[in-house]
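The sequence and coordinates come first.

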Amino acid sequence: MSIEIPSFTVPGQPLCPTLQKTKDPKLVHKFEPGNGAILQQVEINNKKTSIISSTLVGKVQIEEILEDEKETTDGQDEEESKNSQKEDNEEYNIKKFKISVIPNLKNQYNEFDFINKETTNTNFATNLPKEGDIVLSRVTKLNLKQAFVEILAVEGSGNVLTDSGIGSNGHGIIAPGGGSGAATFSIHQASSDLGETFKGIIRSQDVRSTDRDKVKIIESFKPGDIIRAQILSLGDGTNYYLTTSRNDLGVVYAKSYNGAGGLMYAIDWQTMVCSKTGELESRKCAKPF
Amino acid sequence: MTLESETTILNRVDGSASLDAGETKVISSVSGPIEPKARQELPTTSALEVIIRADIGVSNTREKLLEDKLRAILSQVIIGHLFPRQLIQITSQVLESGEDREYTSKELSAIVNSSYLALIDANIGLSVSFAAQDIAITESGELIAGPTKEQLRSSKSSHVVVYAIENGEPSNILFSDSIGTFTEDEVYRVLAIAKQHTGKVHQKFRKTLQEKVEKDFVWSV
């Protein structure tokens with residue numbers, strides 16, 4: 001009995017064992033992990049087996065690895081493994097496959113759009129925010145003319161940089177690249193360690209589309225708010241320029257009293273209410289639906 | 001076990017305290033809230049800078065590890081949102097370590113306790129009081145709270161436990177650190193013993209703080 005390989009996967013989902021029998025008793029399929037897949041050791045009924053599982057959300061792609069590609073490699077290790085393969089080969093024919101997961105990046109309604117090997121090489125390169133993208137960002141600083149944010153994720157393709165886990169560099173909360181010890185920015189640790197978060201600016205005239213000259217930044221955003229915004233331009237090389245001048249853009253997550261109080265909910269376009277105290281604070285709210 | 005403490009011993013910082021726990025002596029100081037460097041600034045909470053200086057020589061990885069442990073405790077109790085975009089700097093100078101270099105339990109508990117007093121002296125808002133106790137387990141399985149240098153040397157494991165203190169009574173464990181060979185059962189015993197001792201430590205601190213308040217305020221006109 002052969003196991004069916006899922007066609008669409010989520011991170012952590014097992015795809016197949018590394019070796020699989022086929023209907024032909026002499027033929028064995030051997031799988032190797034490609035992009036978006038990893039080799040894992042699992043224990044099933046006290047027996048250790050290696051399987052391949054997915055690390056991405058996406059479609060599974062299986063390619064056959066042709067033998068003569070392998071022959072070109074050299075080195076002693078390779079020779080040893082070849083020898084052992086030869087022993088195996090006396091009993092079985094091995095057909096090798098590379099199994100990879102292709103993240104469905106751009107247009108999920110266009111089925112011809114996604115198979116593009118060049119763009120699936122690294123997660124990092126594909127998730128860079130670009131003009132027109134909708135991003136989630138966190139407010140870090142305000143002044144009278146603009147709000148400074150750091151970009152956390154690009155909508156539809158995930159975090160800008162991968163999360164290496166909370167507390168992997170010590171304890172407590174520390175600013176990106178800050179001082180002795182730890183760095184814990186919950187979303188993208190690697191980048192904040194280096195002080196290399198993707199920064200953005202929302203200018204006051206880009207906050208909303210009506211009454212643009214009467215916008216007060218302090219009545220639109222507060223430090224710590226999570227904002228859904230669109231990228232206007234790549235900006236000056238240090239900062240992206242973002243806009244929230246659309247109904248579906250603006251503050252999506254905020255806590256009252258500068259992040260110390262309870263979660264707040266939008267009650268109209270410009271007001272959020274604290275779920276614990278009922279206190280009102282003004283924000284440029286995003287349409288929730 | 002002796003435990004003597006005093007606050008406001010340095011006049012150029014916002015808060016300071018010295019702690020004399022027998023063989024171990026520590027001075028801690030707190031400056032804050034002060035202006036942080038741009039790279040330290042956090043948008044919604046206060047940044048913490050923890051510095052520990054060894055009694056002998058320059059600080060190395062041993063002190064850096066102690067700094068991280070102290071940060072783990074203090075970031076739980078300091079009410080950071082009272083001072084957003086500001087810095088609280090905590091410096092501890094070990095005067096006498098009272099233990100060999102390979103141990104840190106006596107120093108850590110003294111540093112934690114003295115920084116508690118220094119933070120109060122600096123009027124930094126804390127969400128809860130706290131107190132630390134160091135404990136060693138001997139080869140025979142006996143628990144010693146506040147071991148001497150010799151007892152620590154012959155022990156099979158050493159532990160530091162920090163309890164949060166609410167209404168004068170130890171409540172939650174803020175931090176627990178163990179080094180050596182020990183069983184699960186021994187850890188539970190350590191936690192139970194530490195709970196009693198941190199309560200006593202806190203009672204002593206209340207006296208220190210009472211003296212501080214009497215000294216700091218004008219009570220009669």
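## Salt bridges and their surroundings

B:Lys106 counts as buried, because its relative accessibility is 5% and the cut-off for buried is under 20%. The model is a predicted one. B:Lys106 forms a salt bridge with B:Glu23, with 2.4 Å between the closest N and O atoms. This pair links distant parts of the chain: B:Lys106 belongs to helix α2 of chain B, while B:Glu23 sits in the loop between β2 (15-21) and β3 (24-34) of chain B, 83 residues apart. B:Glu23 is partly exposed, at a relative accessible area of 31%.

A second salt bridge in chain B joins the side chains of B:Lys156 and B:Glu186, at 3.1 Å from N to O. B:Lys156 lies in strand β8 (residues 155-166) of chain B and B:Glu186 in helix α4 (residues 184-216) of chain B, so the bridge ties together parts 30 residues apart in sequence. B:Lys156 is partly exposed, with a relative accessible area of 23%, whereas B:Glu186 counts as buried at 8% relative accessibility.

In chain A, A:Asp225 and A:Arg283 form a salt bridge whose closest N and O atoms are 2.5 Å apart. These two residues also link distant parts of the chain: A:Asp225 is in the loop between β12 (198-203) and β13 (226-233) of chain A, and A:Arg283 is in the segment after β18 (280-282) of chain A, 58 residues apart. Both A:Asp225 and A:Arg283 are buried.

| Pair | N to O distance |
|---|---|
| B:Lys106 and B:Glu23 | 2.4 Å |
| B:Lys156 and B:Glu186 | 3.1 Å |
| A:Asp225 and A:Arg283 | 2.5 Å |

Over all chains, the count comes to 22 salt bridges. Salt bridges with shared partners join A:Glu155, A:Arg228, A:Arg246 and A:Asp248 into one network.

## Helix α2 and the fold of chain B

Helix α2 of chain B covers residues 105-121; at 1.5 Å a residue, its 17 residues should span 24 Å, and its end C-alpha atoms are 24 Å apart, which agrees. The helix α2(B) is mostly covered, with 16 of its 17 residues buried. Just after α2(B), B:Asn123 takes a positive phi of about 60°.

The secondary structure of chain B consists of four helices and nine strands. Along the sequence, the pattern of chain B is β-β-β-β-α-β-α-β-β-α-β-β-α. Chain B has 221 residues, of which 53% count as buried. Among the contacts in chain B with a separation of 6 or more, 67% come from residues 24 or more positions apart. The accessible surface of chain B is about 10300 Å², and carbon and sulfur atoms account for 50% of that surface.

## A nonpolar patch on chain A

A:Phe8, A:Val10 and A:Val57 form a nonpolar patch on the surface, and together they have about 260 Å² of accessible area. One of these residues, A:Val10, is found in the loop between β1 (8-9) and β2 (14-17) of chain A. A:Val10 is partly exposed, with a relative accessible area of 43%.

## Confidence

Chain B has a mean pLDDT of 93, and 99% of its residues reach 70 or more. For the complex, the predictor gives an ipTM of 0.71 and a pTM of 0.69. Where pLDDT is low, the predicted coordinates should not be read in detail.

Definitions and conventions. Residues numbered from 1 in each chain as written. Chains lettered and ligands numbered in written order. Predicted model: local features only at pLDDT ≥ 70, side-chain atom pairs only at ≥ 80, totals over all residues. Heavy atoms only, no water. Expected span 1.5 Å × (residues − 1). Buried < 20%, exposed > 50% of the residue type's maximum accessible area, 1.4 Å probe, protein only. pLDDT = per-residue confidence, 0-100. Patch = residues over 30% accessible without salt bridge, like charges linked within 9 Å, V, L, I, M, F, W, Y side chains within 5 Å. Areas by Shrake-Rupley, 256 points an atom, 1.4 Å probe, with all protein chains shown as cover. Salt bridge = Lys/Arg side-chain N within 4 Å of Asp/Glu carboxyl O. Contact = heavy atoms within 4.5 Å.
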